[in-house]
Amino acid sequence: MNSVPPTATPSPAAPALSGAQRQSLTERSRELLRTYPQLRHLAVIVPVAVSAVLNTVKLSQNGFANLFYSAGVKSMLRSWHNFVFVSFDPGGLITVDKPPLALWVQAASAKLFGFSPLSLLLPEAIAGVLAVALLYLLLARRLGMAAALAGSLALAVFPSFVAVSRDNGVDPVLILLMILACAAAIRAAETGRLRMLVCCGVMVGLAFNTKTLAAFLVVPGIALGYIACAPGSIVRRVTQLLLGGLAMLVVAFAWIAFVDLTPASKRPYVGSSTNNSELGLTFEYNGFGRVEGQAGGPGDVAVRAGAYVPASRQRAVNDAARAAARAASAAHPSKPLPPAPAPAPAPKTSTGRERNPIPFGGPPRLLRLFGVGLGDQAGWILPFALFGLFGAGLLALLAYRAPARDDVDDAPPAEQPLGRRDPRLATLLVLGVWFLVEAAVLSLSKGIVHPYYVSAIAPGAAAMAGAGAVAFVTLARGPRRIWGLMLAAAGVATTVAAQIVLLHREHYLLWFIPVLLVGAAVGLAALLALRRLAAPAVALTFLLLLVAPGAYATTTWLAPVEGTFPVAGPKHDAGSGGYGVNSRDLAIDRALLEYVRTHGPGSRWALLTVASDTAAPLMLLGLNAGAVGGYSGTDPALDGRGLARLVARGEARYVLLGGEYSLRGGNRATVAVLRACRELAPSEWHSPVGFPFGLVLFDCAGRERELAAE
């Protein structure tokens, strides 16, 4: 059989897609998304993954981070009494100066997985990731996938938000609950259902039980959004809003009422209060004192006697102890004189870092959020967020063209009429007003504004940045193009200027400044040149603006977090990790612990200190310690008579004066200790340091009468 050899023929090139084919693919993609709208939410993986990485890389290096909260959680695990009242110390003398919810979450984690640094840190890191996911879902439903993706990414890389999510403070849980409250409020405005408004009130109430009045900063936006956008008559809307507010107040003050109605003798003293009342703590130290100013705030820390020992007295006691030891050695030559304690080597510090944290923002002023202390934690995208709010507001105003109808309350947002019932308007009012209120309070408060407080502005700022990016594109493509171009140019230009100032001030990523300038200029040029380039130009420019804050957020990986003042930045003071103190202080604490344990300690408190931060590492090391003056060292939780009763019952014996906040004057108990108890020289308790930085140990055994004679 004859065979014909096959001839090699070149394979035809794949035909290029025509415009019609490309349009067909686009239509099919849109049809797929309409059929399976859940596919839109796959984009949430990106910001959630970014947030998870930023929040958890090298998380274990932070150790117990905020020692005050860590020690409190450890005490809460000792008994239900301590858990319910949030006692700082295992003996139940004084409480943590915050509401219970976030600490209950950490205690539950520690109970489930064992008490360790990660069991306390991971709940906050997870709360941060959940907040990013929730913000995406909230925005995607009302403003679209692009705004949701941009906003949630901006939140994920917000430096202060990342810093607090890597600490064991209360702020990530607070932020998560406030976003949940916003989501419930917007849904209530869409549907007019009372139960959603009550749910919103419950979320705000739970947030209040996390950080008291800080939670109420979200309320003005919620109220305005519901009044403006919910269906029904104004009377119906106001009535429902009042019912939601009632639910909020019931949840918010339930635990406070329980504590204050419990007899003072049956519970710990309310830490940081002046009147042993959670209600007083809420509205004074944790409330208006933060806004109007209070003791312990910037410029209001006076040095007072009463809780520290003058250096001359320390030297005299130490010399007397050495002389007694020499005399005993001379009388008994077989008993050698104990060597004098030698100074321990100075602890190692991170190269190039500040020695102390920045405790407060600058003075109250309009641009405080861009100043030293706050700017590098929050200022990176705030200008874009502000102009984004203007752009999204203008877009919502232009869309205000159809009257609302109350007969479509249950329809999905896409099918509802516009006008005041526009879900985009409710979203902008709730989140936008939250953003503005946070900005105003943080900028103008006269009291305590720690740098990490700016983490609370992150969700509102991120949401407005995402909404603004989409608004700029929509306006630039439409008949109001000039407005879109002007707002986009202003937002990008001011944000670039702010980032350049921050990068120069922090001496960080300076090589990126030319890239930022050129990239922003190219993006704006493309936006100006062609309408069809608006979306890619704004998207790429927005991503470029997230590079600097994202990189700055990664600096939290470089060293352990400073637990009390968690911040991002390569130059800021870092923590010590582990038990939260350096090697020299840890040696001192171990010497104290060993001496007290082996010399007849009290049955309830082996050691009492002035302030909580001095007791916290000892508690984490396993000692039953407590603080007679609470967090600041000045709480009137105990006086001389009260301490005398504890000593008489054998519940307390040793008191350590000096240490954290001892220069503030202490309380009547510390004054009584100075007057009545026996001071022990550092050599007696084998201190590794001759004069351990003002720490002086007192033995109050047998001094009950002197203590009570106030």
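View 1. Ser87 is buried, with a relative accessible area of 0% (buried is under 20%, exposed over 50% and partly exposed in between, using a 1.4 Å probe and protein chains only). This is a predicted model, where local features need pLDDT of at least 70, side-chain atom pairs count only at pLDDT 80 or more, and totals for chains, interfaces and linings use all residues. Residues are numbered from 1 along each chain as its sequence is written, and side-chain values use heavy atoms, leaving out hydrogens and water. Ser87 sits in the loop between helix H4 (80-85) and helix H5 (101-113); helices are DSSP runs of H or I with at least four residues, strands are E runs of at least two, and both are numbered from the N terminus.

**View 2. The surroundings of Ser87.** The side chain of Ser87 reaches the backbone oxygen of Asp89 at 2.7 Å. The C-alpha atoms of Ser87 and Arg267 are separated by 8.8 Å, although these residues lie 180 apart along the chain.

**View 3. Tyr631 and Tyr661, an aromatic pair.** The structure holds 20 aromatic pairs (ring centres of Phe, Tyr or Trp, the last by its six-membered ring, within 6.5 Å; planes under 30 degrees apart are stacked, over 60 edge-to-face, and the rest tilted). Tyr631 and Tyr661 form a tilted one, with 5.6 Å centre to centre and 50° between the planes. Tyr631 lies in the loop between strand S2 (625-627) and helix H25 (640-648), and Tyr661 in the loop between strand S3 (654-657) and helix H26 (668-676). Tyr631 is buried at 14% relative accessible area, whereas Tyr661 is partly exposed at 22%.

**View 4. The ring cluster.** Ring pairs link Phe68, Tyr69, Phe88, Tyr631 and Tyr661 into a cluster.

Notes. A polar contact is a pair of N or O atoms within 3.5 Å; within protein, one must be able to donate a hydrogen and the other to accept it, and residues adjacent in sequence count only if both atoms are side-chain atoms.
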